[in-house]
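Biologist: I am new to this structure and would like a close look at a single part of it. Please start from one packing contact and then place it in its surroundings.

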Amino acid sequence: MGLHRLSVEELQAALRSGECTPAEIYASCRAAADSAQPHIRAFNRFEDGPPPPRGDAGSAPLHGIPYASKENIAVAGRPLTCNSRILANYRPPYDATVTERLRAAGAMLLGQTNMDEFAMGSSTENSATGPTQNPWDLARTPGGSSGGSAAAVAADAVPFALGSDTGGSIRQPAGCCGVVGLKPTYGRVSRWGLVAFASSLDQIGPITRTVRDAALVYRELAGHDPRDSTCLPAPVEDPLAGIEQGPRGLTLGVPRALLKEGLDREVAANLDEVLARLAREGASLIEVDLPMMRYAIATYYILATAEASSNLARYDGVRYGVRAQASDLDEMYRASRTRGFGREVTLRILLGTYVLSAGYYDAYYRKASQVRTLMRREVVAALSRCDAIVLPTSPTPAFKLGERVDDPLQMYLSDVFTVSANLTGIPAIAVPSGLTRAGLPLSLQLMGRPLQESLLLRAARALEQVCGFAALRKARQPLPGEGVPA
Amino acid sequence: MPIDDRVIGDLQSLGALRLDPQERRTLMANLERVLGYVDQLRAVDTEGVEPTSSVIEVGNVLREDEPHACLPVEQALAQAPARRGDHFEVPVVLGEE
């Protein structure tokens with residue numbers, strides 16, 4: 001009956017009406033994941049089987065729903081490698097808050113997913129265990145760093161997955177894979193148990209096939225956690241309450257000046273077409289000016305690497321992780337770290353160390369922190385005139401494996417439209433918006449006001465409706481063996 | 001911004017890394033390229049602008065100052081690459097110089 005193809009909401013309905021059981025859903029998803037895995041390698045590992053049943057459809061909001069989790073989010077007793085050699089043998093003794101919350105909500109972990117090492121990358125090619133392939137075209141990357149999670153959802157192996165987003169790592173792979181990816185407001189979701197990359201930017205969020213599912217999962221993840229001092233005590237509204245209000249009455253801001261250069265032709269045409277449809281359905285479009293966003297990538301790569309170089313100082317081979325043998329302590333640190341980190345992580349540690357070092361601190365770190373202030377002012381001002389800002393998720397559709405891997409700067413520019421939401425702390429969501437002529441997913445991004453995820457999700461639902469991607473999703477060529485009953 | 005041997009030497013020492021010569025050349029080239037790119041920030045007038053290090057405006061949210069259980073010693077040591085009794089064991093620190 002293809003339970004693995006159903007959305008979270010459809011599965012909930014099927015469970016309520018007694019058409020299926022959690023065990024049947026789990027088995028269907030596992031079979032789909034097993035069949036997709038040799039082709040896309042989205043998963044690092046699978047659980048042995050479903051967890052013991054928890055609650056019922058009445059008491060547990062995600063009762064009987066399988067999911068996949070990016071392997072930088074702690075699950076007690078399971079590997080937490082971050083796809084790095086330095087954590088190859090590490091198993092955390094505790095659960096991340098989001099893992100705890102999803103378990104309490106009745107969701108069932110199916111497996112953990114591949115990622116760029118320590119979430120540093122935009123293609124999942126920086127994984128120490130090898131890349132994930134895009135289910136829409138196996139020669140292309142699924143984006144990154146949450147590429148395994150996005151590919152698993154796109155290949156119909158799980159109805160939802162968790163990702164983490166420091167500069168676009170939920171939204172960009174969601175865009176490449178034709179699925180929905182939500183980065184909540186900074187501080188909305190607890191980071192307890194998320195391996196830190198850049199602590200002032202990191203945020204966990206859901207990757208799903210529909211906007212309504214993103215709202216359903218977000219509702220379970222969001223909310224204060226005393227174990228994360230940056231997790232906000234603000235109340236979480238029900239994002240589903242007003243989600244069907246449609247485009248009428250929405251004011252959407254378009255940063256036209258920013259979109260003049262560097263956009264793929266089909267990405268640009270898709271944006272115009274979708275905006276025209278939204279306008280026809282009653283949305284008002286205004287132009288917003290975001291000149292500081294031009295500097296987003298430069299600002300991001302100073303601040304994110306500075307924070308990363310500090311956060312990654314903890315991997316020293318002393319308390320956990322992989323230790324290289326050496327006769328003295330300093331040499332042991334150096335040998336463990338040099339062998340443990342891959343090339344991109346090493347580059348970012350060096351870069352972060354450089355921008356923080358005496359003599360360069362003011363010119364780089366302080367300067368970037370000041371530009372960040374200007375960016376935040378600019379975005380807040382723009383969002384006082386509109387409900388959400390619309391722009392593409394990425395300047396191009398999914399790119400080919402190997403195409404950018406030797407050119408870090410080219411890779412960084414994949415995130416040119418996503419990093420500003422992290423720098424300014426606002427929520428943002430990627431929504432599939434069409435297909436290229438070659439049949440690759442296109443995606444648009446909406447950025448909203450801080451803590452107004454409900455309004456953002458309403459706008460995203462309106463965008464999803466005018467794009468009609470549910471029908472286009474069927475155009476994906478099945479993977480070898482996909483859809484063949486086991 | 002030229003990255004010469006002295007600069008990369010300092011960075012690898014601060015970052016507790018030891019790069020092999022081949023890798024070092026690639027990293028130096030990539031560092032130079034990225035630093036060249038981020039130099040565009042010089043064009044932004046930031047005179048008198050306060051830096052932002054966190055976007056949270058309400059400040060830190062502190063939990064109640066109450067004692068609570070922490071990780072048991074055995075669990076904390078369970079993943080140690082080397083241990084002796086209740087301690088993490090590391091190579092000799094003192095005594096050579």
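Which residues in helix 7 of chain A meet which residues in helix 14 of chain A?

Modeller: This is a predicted model. In helix 7 of chain A, the residues concerned are Val274(A), Arg277(A) and Leu278(A), and they meet Ala462(A), Leu463(A), Val466(A) and Cys467(A) in helix 14 of chain A. The residues of this contact divide into 6 nonpolar, no polar and 1 charged. Helix 7 covers residues 265-280 and helix 14 covers residues 453-467 of chain A; the two pack at an angle of about 105°, and their axes are 10 Å apart. Helix 7 of chain A is therefore roughly perpendicular to helix 14 of chain A, since angles of 65 to 115 degrees count as such.

The loop between strand 11 (441-448) and helix 14 of chain A holds Leu451(A). The phi of Leu451(A) is near 65°, which is a positive value in a residue other than glycine. Leu451(A) counts as buried because it has 22 C-beta neighbours inside 10 Å, and the cut-off for that is 20 or more.

Val180(A) has Thr208(A) in strand 6 of chain A as its bridge partner.

The loop between strand 3 (108-113) and helix 4 (147-154) of chain A contains Ser145(A), and the peptide bond from Gly144(A) to Ser145(A) is cis, with omega near 10°. Thr124(A) is found in the loop between strand 3 and helix 4 of chain A as well. Its phi, like that of Leu451(A), is a positive value in a residue other than glycine, near 65°. Thr124(A) is buried, because 34 other C-beta atoms lie within 10 Å.

Helix 6 (residues 211-221) of chain A has 11 of its 11 residues buried, so it is largely enclosed by the rest of the structure. Among them are the charged residues Arg212(A), Asp213(A), Arg219(A) and Glu220(A). Gly223(A), with a positive phi near 125°, follows helix 6 of chain A.

Finally, there is the side of chain A that touches chain B. Here 56 residues of chain A are in contact with 41 residues of chain B. Helix 8 (296-311), helix 9 (329-340), helix 10 (343-356), helix 11 (362-383) and helix 12 (408-412) of chain A each supply at least two residues of that side of chain A. Helix 11 of chain A gives the largest share, 11 residues. The residues of the side of chain A that touches chain B divide into 29 nonpolar, 17 polar and 10 charged.

Notes. Residues are numbered from 1 along each chain as its sequence is written. Chains are lettered from A and ligands numbered from 1 in the order in which they are written. This is a predicted model: local features need pLDDT of at least 70, side-chain atom pairs count only at pLDDT 80 or more; totals for chains, interfaces and linings use all residues. Two residues are in contact if their C-beta atoms, placed from the backbone, lie within 7 Å. Helices (H or I, at least four residues) and strands (E, at least two) are DSSP runs, numbered from the N terminus. Axes are lines fitted to C-alpha atoms, for helices over the stretch in contact, and angles run from 0 to 180 degrees between N-to-C directions. Angles under 35 degrees count as roughly parallel, over 145 as roughly antiparallel, 65 to 115 as roughly perpendicular and the rest as oblique. A residue is buried if 20 or more other C-beta atoms lie within 10 Å of its own, exposed if 12 or fewer, and partly exposed in between; C-beta atoms are placed from the backbone. Two strands pair if DSSP finds at least two bridges between them.
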